[in-house]
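Dear colleague,

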Amino acid sequence: MHFLGLNFNGRAALSILAMLLASVSLQCQAQKLPQRSITQLSPNLYRAQNDIHFTVFLVTPEGIILTDPLNRDFSTWLKQQLDERFGLPVKYILYSHHHWDHASGGAVFADTARFMGQENMLAHLALPPPGTPLLAEALALDANGNGRIEAAEATGNFTTNFAYFDADGDGTLSGAEVVRGPVSDVKVPDITYRDRATVSLGGHHVELTWTGPVTHADDMSIIRFPDEGVVYVVDFISIKAMPYRTLGTGYLDEWLQAIRTVEAMDFEIVSPGHGVVGTKSDIAEHRHYLEDLRDAVKAGIEAGRSSEELQHTIQLTKYKDWFMFDAWHAENVAGMYQLLQAQK
């Protein structure tokens with residue numbers, strides 16, 4: 001056999017070919033592995049990454065305070081890392097909000113940790129009554145008309161997150177499971193608070209503040225580490241990055257007020273649930289973007305222009321270097337149009 005211009009006998013050639021195939025296989029497996037890392041933000045506070053999601057944890061003499069557990073696989077990896085690096089158990093998990101992509105997997109730490117979140121989490125995690133009908137988007141998938149979604153009928157989000165919807169693990173989705181959403185692996189908090197709360201451990205303190213009914217979730221917590229000069233915020237604030245696509249639905253004024261609440265706090269570093277670490281000035285810049293976008297779209301509406309017209313005419317080029325600007329700018333304009341129209 002000839003390989004790269006060299007001669008090999010049959011056995012040697014097969015051996016080399018096997019090694020090459022094994023190498024390619026390992027490379028393919030490595031490409032599928034999530035990107036994970038732990039970086040130090042301050043003397044006692046660390047940031048942990050799972051692909052595009054981030055959480056933080058505080059190491060104290062009496063144990064560890066962790067924010068969002070993200071998912072079960074990541075939590076399993078993180079628990080091993082914490083054991084190896086610090087030899088301390090996780091004593092508290094502090095949720096930013098109930099959404100599955102940030103709050104899943106905490107049960108990995110249930111042997112040592114208590115779980116805390118804003119009180120509205122309880123309603124989001126409670127299963128609706130039996131007999132709750134399928135939502136319209138799911139009803140269209142119910143090919144056999146039995147009022148449930150089988151795995152073979154699922155598409156899109158229902159396929160991707162089927163197990164997270166399937167609370168009882170029976171392989172089908174009921175109306176109640178669909179309405180509740182993909183939160184079956186979110187452990188219900190055993191401690192809740194309404195407006196503000198403080199968790200203390202090993203001489204360190206962590207503060208939780210409810211944002212109010214912001215656009216992203218009505219159980220959102222700002223989590224501040226006063227001794228470390230760090231605040232952890234998720235989804236409703238981005239650092240030098242565009243808000244996600246069409247902004248969501250909700251209350252623009254309350255969203256802006258929630259950002260101002262963060263700005264008023266005492267901290268130096270902001271560690272978001274997605275993207276890069278920033279400073280307090282980055283928080284203000286994010287608010288300024290939303291206000292500039294609001295003012296531009298509002299002026300367009302008053303001039304009688306449609307959403308489609310404004311997507312082509314509103315530029316906001318001073319933010320052109322932000323992450324995903326080109327991809328999401330037009331969608332941000334459309335989303336702001338919808339938010340302003342909804343306020344009328």
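This is a predicted model: local features need pLDDT of at least 70, side-chain atom pairs count only at pLDDT 80 or more; totals for chains, interfaces and linings use all residues.

Residues are numbered from 1 along each chain as its sequence is written, and side-chain values use heavy atoms, with hydrogens and water left out.

The secondary structure of the protein chain comes to 12 helices and 17 strands, where helices (H or I, at least four residues) and strands (E, at least two) are DSSP runs numbered from the N terminus. Along its principal axes the C-alpha trace spans about 80 × 55 × 50 Å. Of the 344 residues, 47% count as buried; buried means under 20% relative accessible area, exposed means over 50%, and partly exposed lies in between, with a 1.4 Å probe and protein chains only. Among contacts (heavy atoms within 4.5 Å) with a separation of 6 or more, 61% come from residues 24 or more positions apart.

Helix α10 (residues 280–302) packs against helix α12 (residues 325–342) at an angle of about 70°, with the axes 9 Å apart; the axes are lines fitted to C-alpha atoms over the stretch in contact, and angles run from 0 to 180 degrees between N-to-C directions. That makes α10 roughly perpendicular to α12, a term for angles of 65 to 115 degrees, as against roughly parallel under 35, roughly antiparallel over 145 and oblique for the rest. The residues that meet include Tyr289, Leu293 and Val297 in α10, and Val333, Met336 and Leu340 in α12.

Glycine 335 also lies in helix α12 and, at 3% relative accessibility, counts as buried. Leaving aside residues up to four places away in sequence, glycine 335 touches Thr246 and Leu247. Leucine 247 in turn has a positive phi of about 75° although it is not a glycine, is placed in the loop between β15 (230–233) and α9 (252–263), and is buried at 8% relative accessibility. Leucine 70, in the loop between β6 (63–66) and α2, has a positive phi of about 70° although it is not a glycine, and is buried with a relative accessible area of 1%.

Turning to the rings, a search of the whole structure finds 11 aromatic pairs. Rings of Phe, Tyr and Trp (its six-membered ring) pair if their centres lie within 6.5 Å, and planes under 30 degrees apart count as stacked, over 60 as edge-to-face and the rest as tilted. The rings of phenylalanine 74 and tryptophan 77 have centres 5.7 Å apart and planes at 35°, so this pair is tilted. These two residues are three apart in helix α2 (residues 72–85), which separates them by about one helical turn. Phenylalanine 74 is buried at 0% relative accessible area, whereas tryptophan 77 is partly exposed at 21%. Elsewhere, ring pairs link Tyr46, Phe57 and Phe86 into a cluster.

Finally, the charged end of arginine 47 sits over the ring of phenylalanine 54, 3.7 Å from its centre, and that of lysine 280 sits over the ring of phenylalanine 267, 5.0 Å from its centre. The criterion is that NZ of Lys or CZ of Arg is within 6 Å of the ring centre and within 35 degrees of the ring normal.
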